[in-house]
Amino acid sequence: MAEAAGDVNEVFSRLFDHRPFLKGEIEFFKKEFEEKRGDREVEQLFRSLELITEIKEGQVEKIVNSSDDNLPRTIADIQVALHMCEDTLDTETKFSTDELLAKKRAERKLRLASVQRDVQEKLNLLEESYQEKEKAMRARFEQLESRAGCV
């Protein structure tokens, strides 16, 4: 019975106790990781530090000088644009009064009435011309019919 219990423990240990296998896998992964990667991260950190130092020593000064050269002109351009915007707003408020709008509306109504009268007059002339031509054609056809009836 003791042998059977020992065998059961061994089977149970092999089936459900994965610690020895996992320990071996972890050691293998750690060894591979250290060998393949080596000190690559440390080298990259040093390269990054060198680049940052270069930028700090050389590039910052260039940016400051460039800003000192270009900022006054940029500020002047912005002020001109702001002044133009203010002028536009002033002009808009000057012309947006109700009195001016009413005046322009009345002018448009007068022009519309004038155009409508002109159109109506032209329509009347066309209608009269059409009626005259219709009468002339009727008279002409009556003449032709009367001649055809005589022959």
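Modeller: What follows is a short chat about a predicted model, starting with the overall fold.

Biologist: How many helices and strands does the protein chain have?
Modeller: The secondary structure comes to four helices and zero strands. Read along the sequence, the pattern is α-α-α-α.

Biologist: Is the chain compact or spread out?
Modeller: The radius of gyration of the protein chain is 51 Å, while the globule rule gives 15 Å for 151 residues, so the chain is more spread out than a compact globule. The C-alpha atoms fill a box of roughly 145 × 70 × 35 Å along the principal axes.

Biologist: What share of the residues counts as buried?
Modeller: Of the 151 residues, 0% count as buried. The accessible surface of the chain is about 14,800 Å², and 60% of that surface belongs to carbon and sulfur atoms.

Biologist: Give me some distances. How far is R111 from E34?
Modeller: Their C-alpha atoms are separated by 91 Å, and the two residues are 77 apart along the chain. R111 sits in helix α4.

Biologist: Is E57 buried or exposed?
Modeller: E57 is exposed, because its relative accessible area is 60% and the cut-off for exposed is over 50%.

Biologist: Now charges. How many positive and negative side chains are there?
Modeller: The chain has 26 positive and 34 negative side chains. The centres of the two sets lie 11 Å apart.

Biologist: Which residues form the positive surface patch?
Modeller: The patch is formed by K103, K104, R105, R108, K109 and R111. One of them, K104, is found in helix α4, which runs over residues 98–150.

Biologist: Is K104 exposed or partly exposed? And R111?
Modeller: K104 is partly exposed, with a relative accessible area of 40%. R111 is exposed, at 55%.

Biologist: How many salt bridges turn up in the whole structure?
Modeller: A search of the whole structure finds one. E134 forms a salt bridge with R138, and the closest N and O atoms are 2.9 Å apart.

Biologist: Where are E134 and R138 in the chain?
Modeller: Both lie in helix α4, four residues apart, which is about one turn of the helix. E134 is partly exposed, with a relative accessible area of 29%.

Biologist: Why is E134 called partly exposed?
Modeller: Buried means under 20% and exposed means over 50%, so a value of 29% falls in between.

Biologist: Changing topic: which residues make the nonpolar surface patch?
Modeller: V11, F12, L15 and F16 make the patch, which is about 430 Å².

Biologist: Where does V11 lie, and what is its relative accessible area?
Modeller: V11 lies in helix α1, residues 2–16. Its relative accessible area is 47%, so V11 is partly exposed.

Biologist: So what do I write down?
Modeller: Write down four helices and zero strands, with 0% of the residues counted as buried.

Conventions
Residues are numbered from 1 along each chain as its sequence is written. This is a predicted model: local features need pLDDT of at least 70, side-chain atom pairs count only at pLDDT 80 or more; totals for chains, interfaces and linings use all residues. Side-chain values use heavy atoms; hydrogens and water are left out. Patches are made of residues with over 30% relative accessible area and no salt bridge: like charges are joined within 9 Å, nonpolar side chains (Val, Leu, Ile, Met, Phe, Trp, Tyr) within 5 Å. Accessible areas come from the Shrake-Rupley method with a 1.4 Å probe; for residues, only the protein chains shown count as cover. A salt bridge is a side-chain nitrogen of Lys or Arg within 4 Å of a carboxyl oxygen of Asp or Glu. Lys and Arg count as positive and Asp and Glu as negative; His and the chain ends are not counted. The place of a charge is taken as NZ of Lys, CZ of Arg, CG of Asp or CD of Glu. Helices (H or I, at least four residues) and strands (E, at least two) are DSSP runs, numbered from the N terminus. Buried means under 20% relative accessible area, exposed over 50%, partly exposed in between (1.4 Å probe, protein chains only). The radius of gyration is taken over C-alpha atoms; the globule rule is 2.2 Å times the number of residues to the power 0.38.
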